[in-house]
Amino acid sequence: MGKKHTPERTCVVCREKRDKRALHRIVRTDAGLELDPSGKMNGRGAYLCDKKSCWEKAVNTTILSKSLRVTLTEQDRERLKQAIP
Ligand SMILES: [Zn+2]
């Protein structure tokens, strides 16, 4: 059985490599940070795995804002908190 090549991305918090489809993409848009379930939205994106601890760190630390080169607003943090898997 040959292993099919699937694109891999890295969770910005724990740095674990995962299949792109197993990660959640966060995109920086003019309206703030948005979840991108399709993975096709334009804009600078960052990936998070589905570990709750990674999302909490994304909300509570500067890891995500550094990666996206943006300052997280209160609204962005709220949106992320609500999206925690
Ligand atoms: Zn992670």
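**The zinc site and the core**

Four cysteines hold the zinc ion through their SG atoms: Cys 11, Cys 14, Cys 49 and Cys 54, at 2.2 to 2.4 Å. Donors here are N, O and S atoms within 2.8 Å of the metal (3.2 Å for Na, K and Ca), and water is not among the atoms, so sites may look incomplete. This is a predicted model, in which local features need pLDDT of at least 70 and side-chain atom pairs pLDDT 80 or more, while totals for chains, interfaces and linings use all residues. Residues are numbered from 1 along each chain as its sequence is written, and side-chain values use heavy atoms, without hydrogens and water.

The angles among the 4 donor atoms run from 104 to 114 degrees, making the site tetrahedral (four donors with all angles between 85 and 135 degrees). For comparison, the ideal angle for four tetrahedral donors is 109.5 degrees.

Along the sequence, the donor residues follow the spacing C-x2-C-x34-C-x4-C. Cys 14, in the loop between strand 1 (8-10) and strand 2 (17-19), and Cys 49, in the loop between strand 5 (45-48) and helix 1 (52-60), are 35 residues apart and link distant parts of the chain. Helices (H or I, at least four residues) and strands (E, at least two) are DSSP runs, numbered from the N terminus. Cys 14 is partly exposed, at 27% relative accessible area, whereas Cys 49 is buried at 0% (buried is under 20%, exposed over 50%, partly exposed in between, with a 1.4 Å probe and protein chains only).

Now for the largest nonpolar core, which has 18 residues; Cys 11 and Leu 33 are among those touching the most other members. Such a core joins buried Ala, Val, Leu, Ile, Met, Phe, Trp, Tyr and Cys residues through side-chain atoms within 4.5 Å. Helix 1 gives the largest share, 4 residues.

Key. Tetrahedral: all angles 85-135°; square planar, octahedral: opposite > 155°, others 65-115°.
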